[in-house]
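This report is written for someone meeting the structure for the first time.

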Amino acid sequence: MRRLKTIIVAAGLAASAQAQSLAEAYRDYWYTGVSVNQWQVQAEKAGEQKFDYTGMVSTDQTSDWPLITQHFNWVVAENCMKMEVVHPEEGVYDFTLADQFVNKAKAAGLKVQGHCLIWHSQCPRWFHFDKDGKLVSREVLAKRIREHIYTVVSHFKGRVDAWDVVNEAFEDDGTPRKSLFWQIMGTDYIPLAFQTAHEADPSIQLFYNDYSMYKAPKVEGVCRFFKPLIQQGLPITAIGMQGHMILEDNKDGKYFQEYDHSIRTICDAGVPTFFSELDLTVLPNPYGFSGANVSDKLAYRPEMDPFKESITKEKEAEAAQYWVDFYKMLIAHRDDILRVTFWCLNDANSWRNDFPIKGRTDYATLFDRQSNVKPVVQQLIDLVKPQPAAPVKGKNKKKK
């Protein structure tokens with residue numbers, strides 16, 4: 001698969017040898033990204049937030065920004081570019097938070113991914129209903145989709161480098177999600193969204209993004225849908241896999257085998273892939289739960305929250321080994337992966353603390369609760385660190 005970024009091998013090897021971050025170490029492999037919340041961009045006064053977001057451990061997280069610019073070269077908006085924020089009412093746009101995020105990222109030299117244009121969740125009610133509370137017609141919804149995407153993408157033209165165009169449009173069995181978008185337009189809204197985004201800015205990368213993409217039925221269903229569209233010229237750059245992983249579910253390396261299959265399946269559809277929202281929960285998995293449907297909620301039980309005060313050394317080592325083995329699998333597919341992006345910078349603001357059980361204490365990221373980098377990061381860097389050449393026997397012996 002032809003890669004979509006320029007590789008400078010000599011410079012990359014030098015950077016890997018002295019790497020202080022994953023972004024530096026893996027610059028010859030893929031880009032490295034992280035999601036950013038609004039409080040990391042600009043501090044707020046208590047009570048100013050309009051939405052109940054996870055990650056609000058403080059209304060001032062701006063001290064995280066130097067870490068973000070040091071360790072990552074791509075950033076994605078966690079919430080501030082979603083439709084409920086930027087387009088809360090018909091004809092009303094509010095780009096205040098999104099502009100703050102994009103401007104700060106570009107000033108720091110970071111690449112920016114917009115997230116997301118079309119998603120059934122965090123979508124204001126007016127988008128699908130008329131003034132009488134009835135579902136709008138196919139024609140009205142298509143017009144609203146085009147107007148929303150064209151306005152938002154055009155607003156950020158020249159500043160945003162990529163967009164998650166459509167988010168989570170399929171069920172885990174590979175069938176289309178029966179969202180309001182689907183109920184009104186079937187799956188036609190998906191290619192419409194991609195075509196409109198491309199028209200608004202032909203220069204940017206356009207992605208499809210979904211969770212549970214390690215599951216064969218899902219990734220195969222997604223690719224069955226997109227492959228003929230790609231062959232017909234659909235302007236899509238890559239199909240993204242979120243990667244919200246559960247440590248205890250990785251029996252006998254199950255995840256690694258499944259993601260290996262998923263990467264191959266996506267590439268066979270005609271585009272590369274990327275990991276868009278990586279995290280790893282170390283907490284018990286109640287009822288064999290999987291996926292990342294934000295509307296799924298389960299009741300809190302103390303036995304499901306075993307690391308309230310601190311994580312054990314054994315569990316921390318188990319998680320570190322998981323990340324090392326996961327990266328080894330990624331390295332084997334380096335030519336087919338555009339980017340590896342982590343969802344939330346540190347353990348404190350990770351959404352996994354509240355999903356699917358609110359109020360637990362999780363350790364799902366590569367930074368601890370005080371934003372200190374975890375030792376596993378150096379282990380990941382060492383995987384691609386150039387090794388010194390073995391000395392040649394007898395090279396320094398004097399000739400007789």
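## A guided reading of the model

N250 sits in the loop that runs between β7 (244-246) and α11 (254-268). The model is a predicted one, and the description that follows should be read with that in mind. With a relative accessible area of 15%, N250 is buried. A polar atom of the N250 side chain lies 2.9 Å from the backbone nitrogen of Y255.

### A histidine in strand β7

Is H244 buried or exposed? H244, which belongs to strand β7, has a relative accessibility of 9% and therefore counts as buried, the limit being under 20%. The side chain of H244 makes a polar contact with the side chain of E277 at 2.9 Å, and a polar contact with the side chain of D279 at 3.0 Å.

R224 is part of helix α10 (residues 216-231), and at 58% relative accessibility it counts as exposed. In sequence R224 and T265 are 41 residues apart, while their C-alpha atoms are 9.7 Å apart in space.

### Two pairs of packed helices

Two packed helices are described by the angle between their axes and the distance between the axes. The table gives these values for two pairs.

| Helix pair | Axes come within | Crossing angle |
|---|---|---|
| α12 (residues 313-332) and α13 (residues 376-383) | 10 Å | roughly 25 degrees |
| α7 (residues 138-155) and α9 (residues 189-200) | 9 Å | roughly 35 degrees |

The axes of α12 and α13 cross at roughly 25 degrees, which makes α12 roughly parallel to α13, since angles under 35 degrees are counted that way. The crossing in which α12 passes α13 is right-handed. Which residues of α12 and α13 meet? On the side of α12 they are A320, W323, V324, Y327, K328 and I331, and on the side of α13 they are V376, Q379, L380 and L383. By class, the residues of this contact of α12 with α13 comprise eight nonpolar, one polar and one charged.

The crossing of α7 and α9 is right-handed. Here A142, I145, R146, I149, Y150, V153 and S154 in α7 meet Y189, L192, A193, T196, A197, E199 and A200 in α9. The contact of α7 with α9 is made up of 10 nonpolar, two polar and two charged residues.

### Details of the backbone

A cis peptide bond leads from H115 to C116, with omega near -10 degrees, and C116 has its place in strand β3 (residues 111-119). The peptide bond that joins F355 and P356 is also cis, with omega at about -5 degrees, and P356 lies in the loop between β9 (337-342) and α13.

Two residues other than glycine have a positive phi. Phi of Q122 is near 50 degrees, and Q122 is placed in the loop between β3 and α7. Phi of S212 is near 55 degrees, and S212 is found in the loop between β5 (205-210) and α10. With a relative accessible area of 6%, S212 is buried.

### The protein as a whole

How many helices and strands does the secondary structure of the protein come to? It comes to 13 helices and nine strands. Of the 400 residues in the protein, 56% are buried. Among the contacts in the protein with a separation of 6 or more, residues 24 or more positions apart account for 76%.

Methods. Residues numbered from 1 in each chain as written. Predicted model: local features only at pLDDT ≥ 70, side-chain atom pairs only at ≥ 80, totals over all residues. Heavy atoms only, no water. Axes fitted to C-alpha atoms, helices over the stretch in contact; angles between N-to-C directions. Helix = DSSP H or I, 4+ residues; strand = E, 2+ residues; numbered from the N terminus. Parallel < 35°, antiparallel > 145°, perpendicular 65-115°, else oblique. Left-handed = near helix turned anticlockwise from the far one by under 90°. Contact = heavy atoms within 4.5 Å. Nonpolar A, V, L, I, M, F, W, Y, C, P; charged D, E, K, R; others polar. Buried < 20%, exposed > 50% of the residue type's maximum accessible area, 1.4 Å probe, protein only. Polar contact = N/O pair within 3.5 Å; in protein donor to acceptor, adjacent residues only side chain to side chain.
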